Amino acid sequence: MEITIAIPVYNASKYIQKSLYSAINQDFKDFEILIIDNKSTDNTTQIVEDIIKKNPNHSIRIIKHPINKGLGASKNTAIDNAKGKYLFFMDSDDSIEPNTLTILYNKIKQYNAQIAIGSIIYEDENQVPIQKTVCPDLHYEEKYCYLKDINSFYWMTWNKLYNLEFLKETKIRCIPHHLHEDLWFTFQIAAYATNIVYSSLITYHYILNSNSICNQHKKIIQDNNLIEHIEILEHEYKVLTTTPIFNYPQLHNLYTSLFINTSYTIYSSSSKNKHNFISRLNPLKPLLYFGHDLRYKIFLLILKLISYKAALIIDFYIITKIRHKIR
């Protein structure tokens, strides 16, 4: 088996048929589809089982979590149970082009790469195109190469074909109970990847779905959202201060950006636990470099005196101009 397409699902009955058939109808033939159901309470699994019966010639498996473990746990389950040499994640409300696997497989094999990354078209819920993220047709083979072209860098785990052996050897995993599984996973990828390739061809259709689990989570469970971001920062802070391979300027900048955004979310939230969150965040202040500490203080000052928008604009200017040396 060459490729596993992994699709985590939770109450995805509205979109799963379209998504799953876009995976089934690939012109690449040697692949399986692995559905990880995170204890759906609607008829998602019934729809999937009906599609499996109608497509007996395709390898489609379902793994059902006994409880809702979180999106991160679903992706860890995919890594542990995939039969393919390569792993491709897609969300249950998105779709892929008929030649997506062919494009990315040819790229990853041509360069013996650890990851092949495709281009994206963003659509509204009526499938009307909104914007595109088109990557360059480039290949990088060096340390921290995923951060070399920051304009093509994106956090999401999907639309990337991973060498499964690479993920297992580096022990890259998601934080199990998280919905924001991309941030920590991709932070690790940025540290360990030494051979990546991009394709300028559109391989993924991302639906801007207002009813997606992540959007619901942000609206309804604000405290959990804040806790997850703090936990990600704790993971990143630990490796930045203890693991040499993570001691790289752009990784520090990614950490600082997440720290600032999380700080703003806490300061601007209506949570009753705001002070507890600030206390938990304080030990994680990015004091690794003088420039990072100064950047954070400037951000808070502009935030208090003017506005969040002004603080973001100035912060963007700072991050593009300041260059730090590793101690």
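Predicted model: local features only at pLDDT ≥ 70, side-chain atom pairs only at ≥ 80, totals over all residues.
I take helices (H or I, at least four residues) and strands (E, at least two) as DSSP runs, numbered from the N terminus. Residues are numbered from 1 along each chain as its sequence is written.

I looked up the confidence: pLDDT (the predictor's confidence in each residue, from 0 to 100) averages 89 over the protein chain, and 92% of the residues score at least 70.

Gln127, in the loop between strand E6 (115–123) and strand E7 (129–133), has a positive phi of about 65°, and at 46% relative accessibility it counts as partly exposed; buried means under 20% relative accessible area, exposed over 50%, partly exposed in between (1.4 Å probe, protein chains only). Asn159, in the loop between strand E8 (139–140) and strand E9 (160–163), also has a positive phi, near 65°, but Asn159 is buried, with a relative accessible area of 0%.

Last, I checked Asp37, which is found in strand E2 (residues 31–37). Not counting residues up to four places away in sequence, Asp37 touches Val9, Thr45, Ile63, Lys64 and His65, where contact means heavy atoms within 4.5 Å.

Key:
Heavy atoms only, no water.
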